[in-house]
Amino acid sequence: MDLNPVTRTSAVAALILNVLYCLLVLALLLWVFHWGRVSIIVVALLLLAVIIPGFFALRPQTERGEDYTITSYGARGQGQLTVPVPVPELPRLVERACAQHAKLGLRELDAQGGRISVGITFSSWGARVRFVLRPVSETASQIVATSRPRMPLELLGRARSEGNLSLLFRGVAREAEHTHTSVT
């Protein structure tokens, strides 16, 4: 399984898609209602309402945990966690971590990675979390994950993106710690 990295380019693409969507909606409204001078003001205000928050999505925000790092561009985030567990044991830990949090709906899991679906909330259409499992050494491994909104027009939601990833990472780190302490 391969990940598409979350970069400023993906945030710019979402901003452009959002602007195009707003222009399409406005063109439809203008066509249906035959607005006059008011239409220019409405177009300007709507574009400002989309573009200004979009610029906040272009600035990267980084959250560092004890053993993980998450970088977010608006509603899109990417992070990595390193745990002292070999890669073959990691899928079991991910499965147990997702089972402990109803929010993280594990959809696919294999030795290379998997997918998690986060459900709809009051302020979001949900998110898709994808992750890959990589070896660091014989006794350590790494999870690299991305969180993207299910609705591509969503620009803001850094807290949701970081929350999804940190919930996964903290759960796996806790399970790795339990495994590590029960072995010793």
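**Exercise 1. Is Asn-164 buried or exposed, and which residues does Asn-164 contact?**

Step 1. Asn-164 is buried, at a relative accessible area of 3%. Buried means under 20% relative accessible area, exposed over 50%, and partly exposed in between (1.4 Å probe, protein chains only). The model is predicted: local features need pLDDT of at least 70, side-chain atom pairs count only at pLDDT 80 or more, and totals for chains, interfaces and linings use all residues. Residues are numbered from 1 along each chain as its sequence is written, and side-chain values use heavy atoms, with hydrogens and water left out.

Step 2. Asn-164 sits in helix α4. Helices (H or I, at least four residues) and strands (E, at least two) are DSSP runs, numbered from the N terminus.

Step 3. List the contacts (heavy atoms within 4.5 Å). Setting aside neighbours within four places in sequence, Asn-164 touches Lys-103, Leu-104, Val-118, Ala-127, Val-129 and Ser-147.

Step 4. Look for a polar partner. The Asn-164 side chain makes a polar contact with the side chain of Ser-147, at 3.3 Å. A polar contact is a pair of N or O atoms within 3.5 Å; within protein, one must be able to donate a hydrogen and the other to accept it, and residues adjacent in sequence count only if both atoms are side-chain atoms.

**Exercise 2. Which residues does Val-172 contact?**

Step 1. Val-172 is also in α4. Its relative accessibility is 0%, so Val-172 counts as buried.

Step 2. Beyond four places in sequence, Val-172 is in contact with Leu-81, Val-83, Leu-90, Leu-93, Val-94, Ala-97 and Ile-143.

Step 3. Take one of these pairs. Val-172 and Leu-81 are 91 residues apart in sequence, and their C-alpha atoms are 8.8 Å apart.

**Exercise 3. Where do the buried residues of α3 fall?**

Step 1. In α3 (residues 90-100), the buried residues are Leu-90, Pro-91, Leu-93, Val-94, Ala-97 and Cys-98.

Step 2. Seen down the axis of α3, they fall within an arc of 160°, so they line one face of the helix. The arc is that of the directions from the helix axis to the C-beta atoms.

**Exercise 4. Which residues form an aromatic pair?**

Step 1. The whole structure holds 1 aromatic pair. Tyr-68 and Phe-169 form this tilted pair, 5.7 Å centre to centre with 50° between the planes. Rings of Phe, Tyr and Trp (its six-membered ring) pair if their centres lie within 6.5 Å; planes under 30 degrees apart count as stacked, over 60 as edge-to-face and the rest as tilted.

Step 2. Tyr-68 lies in strand β2 and Phe-169 in α4, so the pair ties together parts 101 residues apart in sequence.
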